[in-house]
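Here is a short report for a reader meeting this structure for the first time. Please look over the sequence and the model before reading on.

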Amino acid sequence: MKGIAFYKEGERVRDYLLIKSVNKGMASNGKPFLTIILQDKSGDIESKLWGCTSEDETNYVQGAIVFAEGDITRYRGRNQFKIRTIRLADERDNVRKSELVMAAPLSEKELNEKVTQYLFDIQNPVIQRLTRALLKKHHDAFFEYPAAMSIHHNFLSGLAYHVSCMLDMAKAVVVLYPEVNRDLLYAGIILHDMGKLKELSGSGSTKYTLEGNLLGHISIMVDEIGEAAREMGIADREEVLLLQHMVLSHHENPEWGSPKPPMFKEAEILHMLDDMDAKMNIMTRAIRKTKPGEFSERVFALNNRSLYRPTFDKELEREQDYIPSEKENE
């Protein structure tokens, strides 16, 4: 399929889309309408459902998959989708949510198998038992949630994919530096962002929860590790304290949310791998919105830098790898 971000003004759309968000409004004639943000893997677009009924309000809710037909129009410099017909998708349509949203390149099953294998590689009984218990507690959400609301790995299964990439890098690190404690590093990677399962609302129109706004994922996870350790009767073990410090320090600086800097090797490596994987994801997304031979828009998360997309990169010449930026669409 072409993808909603690639359509131009005047083109007809006839496709399956996911409802990202819905808001009810009242037109000047007194009739209700719905502002529906529709999305697929390429991006999202605003649409209006005029003269909506109570049945429409019940059917067309966030997370629903619809089959819609209409035209692309322009309003205030942006594309809009003028709906002609719309209906809910059903089992006969055989379309899945994962086909319509940005998702990790590995399935939930593949990510589960990868992370589980690294968990089996942890030999220290205290570290293994604690990590296993916390992963089991949050299992389903861990393999579904994004890693962030908007900055990096903000897609379906983004958190687990972020963790799996870091674990692969850590595997190489412990070969290069045999003195590094593999058990501690692997466990720290698996646990470091697990607090986001309470900090964020989930996949699809992800928002910060009340707990996320008031406490943040670092504080949340430090408490979770402590609580789980007390329930297991291992709260006095040094390994527990070390894991808490790794979570507490993985952003390194106070202005990034860490009250303590990394104070041992495994904590420092965790921070560096986390930072590297996040930045690579941010850069990849920015480059995919940039034509070869041009500079990207400034990326706030990268100190407001612009990135250059080389002309010789054949992999990036494919049309499906180029996602038009909002600036270009205006």
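## The whole chain

This is a predicted model. The protein chain has 330 residues, and 47% of them count as buried. Its secondary structure comes to twelve helices and five strands. The C-alpha trace spans about 65 × 50 × 40 Å along its principal axes.

## Surface and charge

The chain exposes about 17,800 Å². Carbon and sulfur atoms supply 51% of that area. There are 44 positive and 51 negative side chains. The centres of these two sets lie 4 Å apart.

## Helix α3

Helix α3 covers residues 125-137. Its 13 residues reach 18 Å from the first C-alpha to the last, close to the 18 Å expected at 1.5 Å a residue.

Several α3 residues are buried, including Val 126, Ile 127, Leu 130 and Leu 134. Gln 128 and Thr 131 are also buried. The cover over the buried residues of α3 includes α2, α4, α6, α9 and α10.

## Asn 124, at the start of α3

Asn 124 is found in the loop between α2 and α3. A side-chain oxygen of Asn 124 reaches to within 3.0 Å of the backbone nitrogen of Val 126. The backbone nitrogen of Ile 127 lies 2.9 Å from a polar atom of the Asn 124 side chain.

Which residues does Asn 124 touch, not counting those up to four places away in sequence? They are Asp 183 and Glu 239. Asp 183 falls within α6 (182-191), and Glu 239 within α10 (238-249).

Notes
Residues numbered from 1 in each chain as written. Predicted model: local features only at pLDDT ≥ 70, side-chain atom pairs only at ≥ 80, totals over all residues. Heavy atoms only, no water. Helix = DSSP H or I, 4+ residues; strand = E, 2+ residues; numbered from the N terminus. Polar contact = N/O pair within 3.5 Å; in protein donor to acceptor, adjacent residues only side chain to side chain. Contact = heavy atoms within 4.5 Å. Buried < 20%, exposed > 50% of the residue type's maximum accessible area, 1.4 Å probe, protein only. Areas by Shrake-Rupley, 256 points an atom, 1.4 Å probe, with all protein chains shown as cover. Lys, Arg positive; Asp, Glu negative; His and termini not counted. Charge placed at Lys NZ, Arg CZ, Asp CG, Glu CD. Expected span 1.5 Å × (residues − 1).
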